Amino acid sequence: MHIVVLTKPVPDPAAAAERLGPDMRLDRAASPAVVNGNDEYALEAALKLVEAHGGEVTLLTMAPPSGADTMRKALAMGATRGVLVTDPALAGSCVRSTDEVLAAALRELTFDLVFSGFDTSDGTAGVVGAAIAARLGLPYLSNAARIEPDPAAGRVRVRRITPTGYDVLEAPMPALVVCTQVLGEPRYPSLKGIMSARSKEIASRSLADLGLDGGTVGGAAATTEVLDSRKPPPRGATTVVRGTAEEGAAAIVTLLASRRLI
Amino acid sequence: MPQFWVVGEPNADGSISKLSTEVATLASTLAAAAGGEATGIVVAATPERAAGELAAFLPRVIAVADPALAGHAWSVPAAEGVAAVLAAEGDTDGTVLLGAGPDGRDLAGTLAALTGRGVLANATAVAWDGRLVVEMGAFGGKLITSSGFTGTGGIVTVRPNMVTAEPLPVAGTVEPRAAAADAALPRVAVVEQVEEAGAAAPIEEARIIVSGGRGIGGPDGFELVRELAGQLGGAVGATRAAVDSGWIPYSQQIGQTGKIVKPNLYLALGISGAIQHKVGMQTAETIVAINRDPDAPIAEFADLLVVGDLFEVGRALMVALRERSG
């Protein structure tokens, strides 16, 4: 069982230092990078399946060269190897470029399943997985709460979360699955994992390696542009009420009534 | 003439989703501002009911009946159906608007690949200012950005509750279409559909959310949250800590790895307000917190913080609400 997990380095949400530079692109120097949180759930699900069925997990990332450092952290969790697509022309890529480039990189890899995280904490679009599946003609199974591959039959079953419960989806492999956090908490890398990650292979691929042209993908061909950014308006001051439970409750009722919420 | 296309999402019972009616009203507003046209597209095995309901909000709705959709996951063949309609209508540069729910985001991704259009996701406002201007939160709402498409068209997913759906004075017309026969992308079979007991109303659409965190202490504590939500006519939310502890299903989780909500009232019980949760609810109009710790981060962005035991204050609040409603 070969699983490719799409991972993205994102500015650490906990550091809360994200900002855009004068070019309206992420100022990567301002904020430390981490593996996107939802990608770690996808990686954990992949590692568990490979432990059960045998096989390998390959990470696929599109990022600046520093993405290799973030990828080491995911390799330390237990992935076998990484592929880093990096090219100066990719700075400022839009969603369309991202899915086109990742699809091209996947065409060079052998896999039974591709996993993506539910969304990324920086862009939060969560549409790249569906677009890649369409470009590669792969069955697309999203919002997975459980993933059950049957390697012998060459099929995979997925529980897809719905507003009222779940659907059981079934498709032939290879297929692309969008993972959710319900699949289980990501493991912490062991010391052994961290040590072994240092020597794991990270293959670097440029646009030319993938047969793509920097004039048709990447920043020069972006389909979207940021026109303006601003901080959200500050919230008003906080009223703090200490006292008896009844006094607290009365303060809440007064506020809700004044704002016509009750 | 600028074209605005609304992808209508049918509910399980065949009715149109509330979010689609909001998107339809948004599209009508944009079309009026841009001197363009707004048209709905509904793709389903039996689209008639959803298309008819959507036509209350749009002058023209195209209903694509694709019987082969029955028993299959919706978003991919529906995206193919939408792409086929756009091609048949000769549209190469229009704007496709749809809801930013799980099905909408799936469809947007597939449609982006099929049509090569750009995507702006999770819009909190969309305006026409000589061009389309889409407002979105970035980095979990720490920044608000205004973006546009570099060409003239694209795909925009719109968050719930950004627009109030308003029917047109005169309902539009529905044009039935047969599905194109040549589905190129693999269809995924739905082999079983499971309804889970206690499935609640979708929290993204709720106007009032009562939410519980680690301070709730256990599954039993969520009874209080549920009762308060019931009394206020709201939905139940939770932090990741409460979900990871198994006290409440993932569907109710709000925050970084859960849902983003923008209710009129967010009542937070035993929630410290860590950044991972804050990003999911910070744009609520009114935030009220009940917390034992006056120095919890939520003290910095709540409108009202009641310092105290959440069970004592919560029960007192239920009594006070009952007295008020008499």
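Started with a helix pair in chain B: H3(B) passes H4(B) in a right-handed crossing. For handedness I use this rule: left-handed if the near helix is turned anticlockwise from the far one by less than a right angle, right-handed if clockwise. Helices (H or I, at least four residues) and strands (E, at least two) are DSSP runs, numbered from the N terminus.

Housekeeping before going on. This is a predicted model, so local features need pLDDT of at least 70 and side-chain atom pairs count only at pLDDT 80 or more, while totals for chains, interfaces and linings use all residues. Residues are numbered from 1 along each chain as its sequence is written, and chains are lettered from A and ligands numbered from 1 in the order in which they are written.

**Helix pairs in chain B**

Back to H3 (residues 75-88) of chain B and H4(B): I get axes that come within 8 Å and cross at roughly 50°. Axes here are lines fitted to C-alpha atoms, for helices over the stretch in contact, with angles running from 0 to 180 degrees between N-to-C directions. H3(B) and H4(B) are therefore oblique to each other; under 35 degrees counts as roughly parallel, over 145 as roughly antiparallel, 65 to 115 as roughly perpendicular and the rest as oblique. I listed who makes the contact, among them B:Val76, B:Ala79 and B:Ala83 of H3(B) and B:Leu107, B:Leu111 and B:Leu114 of H4(B). Contact means C-beta atoms, placed from the backbone, within 7 Å. By class I have nine nonpolar, three polar and three charged residues for H3(B) with H4(B). Ala, Val, Leu, Ile, Met, Phe, Trp, Tyr, Cys and Pro are nonpolar, Asp, Glu, Lys and Arg charged, and the others, Gly among them, polar.

Next pair: H5 (residues 222-232) of chain B packs on H8(B) at an angle of about 25°, axes 11 Å apart. That makes H5(B) roughly parallel to H8(B), and the crossing is left-handed. On the H5(B) side I find B:Leu224, B:Glu227, B:Leu228 and B:Gln231, which meet B:Phe311, B:Gly314, B:Leu317, B:Met318 and B:Leu321 in H8(B). That contact splits into six nonpolar, two polar and one charged.

**Where A meets B**

I counted 78 residues from chain B and 75 residues from chain A in the contact. H4(B) turns up again, giving the largest share of the chain B side, nine residues. The residues on that side divide into 44 nonpolar, 22 polar and twelve charged.

Pairing needs at least two DSSP bridges between the strands. A:Glu170 stands opposite B:Ala189 in E10(B).

The A:Met173 to A:Pro174 peptide bond is cis, omega near 0°. I placed A:Pro174 in the loop between E9 and strand E10 (175-179) of chain A.

Which residue other than glycine has phi near 65°? That is B:Asn122, in strand E5 of chain B. A:Asn143 also has a positive phi, about 55°, and its place is strand E7 (residues 140-150) of chain A. A:Asn143 is buried, with 23 other C-beta atoms within 10 Å. My scale: buried is 20 or more other C-beta atoms within 10 Å of the residue's own, exposed 12 or fewer, partly exposed in between, with C-beta atoms placed from the backbone.

Terms used
Two residues are in contact if their C-beta atoms, placed from the backbone, lie within 7 Å.
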